[in-house]
Amino acid sequence: MSFYTLAISGGPSHDASICLLRDEEIVLFVASERITRIKHDTINTENVGSILEEVKKITTHINYVVSVNVWRSSKPTSKLTTPEEVAQALTKHGITFDNIINDTKGHHLNHAAAGFYTSGFEEAACIVIDGIGSWWRFDTVGLSETTTIFKADHRLRVAYKNLFYRPGSKLFGWDDATMVEMKKNFNYRVDFSNHLDIGMMYTVVTLHLNLGSAHDGGKTMGLSAYGQPNNLPPMLADDTILGNNNLFRHDNRIDTLMYKELINMSEQTKRNLAYNVQKALEKVFIERVKQARSVIKTNNIIFGGGCAMNILGNSKVKKTFPDINVYADPIAGDATQSLGAALYYYKQLFPETKFKKLTHLFLGPEYSIVDTKDKLLKLVKQYNNESNVQVSGNPR
């Protein structure tokens, strides 16, 4: 009898998704936006039924449910913010289950699992870089992971983690001795930093350029191709990979009080700003690969997290290190959370499992070409009626 694992990444996070395994095989993986047609959608009490319908086409009983990226909320909400609400949603929509667990600290771990377990590599160094991952709290101090390096072989182990804190928190002003004591809470190397990491730097620049939301970094990458070397303020502090705290305010904005040339920018200045943050990302990528290879002896590098979608950065790494094998998670953003969680927890239950290399991304619902074309032409007809633009065509 088959063993079914279902991971649901919903709650307050963007790019929510579900992943269903039949034993070790991925039989369904779909972002909620593919069902609801709302970009970067969450999973909530209104849309969860239509999403779970895809699961019910395969099975109505789940052996192991993983609730990912959810946490308790004191305010009424339509989002699935607790494992109990996930359980209620499953039951309401006719899906039974044996066990349900809540994953609260595995954001970067899930990114690494999604990359490593679909790469086909026997061993690798996984570099996960995004805006903000899971949170830690010590007393009144909030710390969030921004970069993590994992050693991956028969299991995933953290080799390094960068934790970001904002000045003004209790951590600000700690002396070196206190920092040393705090680091004893971790069994791997950790840096505490009040400098923005490259993921958040890229987001801040994207927003400052008014290119859309925090999810639109790809537009910044595209714009960077039109930039040129320039005299704008540096993205990184001195000869480091730390964000320039004179440029980036700690409320995630550009400091235009100090750098007035970044107000009412010309088109070329916008292009140059995009160029600068792209070059900063490429430098960070190179330095993180050097760091990973210094502690993990491998020629296999995996990139995960939102920054892994930066193809120019990935290409720069490959050109700089022609002897290494580079695998970038093809999904990489937070939609991959359910995929990584499903694979990771199944591996915990069945340690001898060896997952197959991912060979395609056709992991969601199947669509009839004829029906889909018919629906598209109906939309075109509706658009014609509203805009008076004539487009012809007939379903075949």
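**Rings and charged pairs up close**

Analyst: Let's start with tyrosine 327, which counts as buried because its relative accessibility is 14%. Buried here means under 20% relative accessible area, exposed means over 50%, and partly exposed is whatever falls in between (1.4 Å probe, protein chains only). Keep in mind that this is a predicted model: local features need pLDDT of at least 70, side-chain atom pairs count only at pLDDT 80 or more, and totals for chains, interfaces and linings use all residues. Residues are numbered from 1 along each chain as its sequence is written, and side-chain values use heavy atoms, with hydrogens and water left out.

Now the rings. There are 11 aromatic pairs in the structure. Rings of Phe, Tyr and Trp (for Trp, its six-membered ring) pair if their centres lie within 6.5 Å; planes under 30 degrees apart are stacked, over 60 edge-to-face, and the rest tilted. Tyrosine 117 and phenylalanine 355 make a tilted pair, because their planes sit at 55°, with the ring centres 5.1 Å apart. Helices (H or I, at least four residues) and strands (E, at least two) are DSSP runs, numbered from the N terminus. Tyrosine 117 and phenylalanine 355 are both buried.

Back to tyrosine 327: it pairs with phenylalanine 121 edge-to-face, 6.4 Å centre to centre and 75° between the planes. That is another link between distant parts of the chain, 206 residues apart: phenylalanine 121 is in the loop between α4 and β6 (124–129), while tyrosine 327 belongs to strand β12 (residues 325–328). Phenylalanine 121 comes out as partly exposed, at 21% relative accessibility. As for clustering, Phe3, Phe116, Tyr117, Tyr346, Phe350 and Phe355 form one aromatic cluster.

On to the charged side. The model has 16 salt bridges, each being a side-chain nitrogen of Lys or Arg within 4 Å of a carboxyl oxygen of Asp or Glu. One of them joins lysine 161 and glutamate 145, at 2.7 Å from N to O. Lysine 161 is in strand β9 (residues 156–164) and glutamate 145 in strand β8, so this bridge ties together parts 16 residues apart in sequence. Lysine 161 is buried, at 4% relative accessible area, and so is glutamate 145, at 1%.

Serine 144 is also part of strand β8 (residues 141–152), and at 1% relative accessibility it counts as buried. Leaving out residues up to four places away in sequence, serine 144 touches Ile132, Ser134, Trp135, Asn162, Leu163 and Phe164, where contact means heavy atoms within 4.5 Å.

Two more bridges are worth a look. Aspartate 251 and arginine 253 meet at 3.7 Å, N to O, and Arg249 joins these two in a salt-bridge network. Aspartate 251 is partly exposed, with 39% relative accessible area. Then there's aspartate 323 with arginine 293, whose closest N and O atoms are 3.1 Å apart. This pair also links distant parts of the chain, 30 residues apart: aspartate 323 is in the loop between α9 (311–320) and β12, and arginine 293 is in helix α8 (residues 267–295). Both ends are partly exposed, aspartate 323 at 47% and arginine 293 at 21%.
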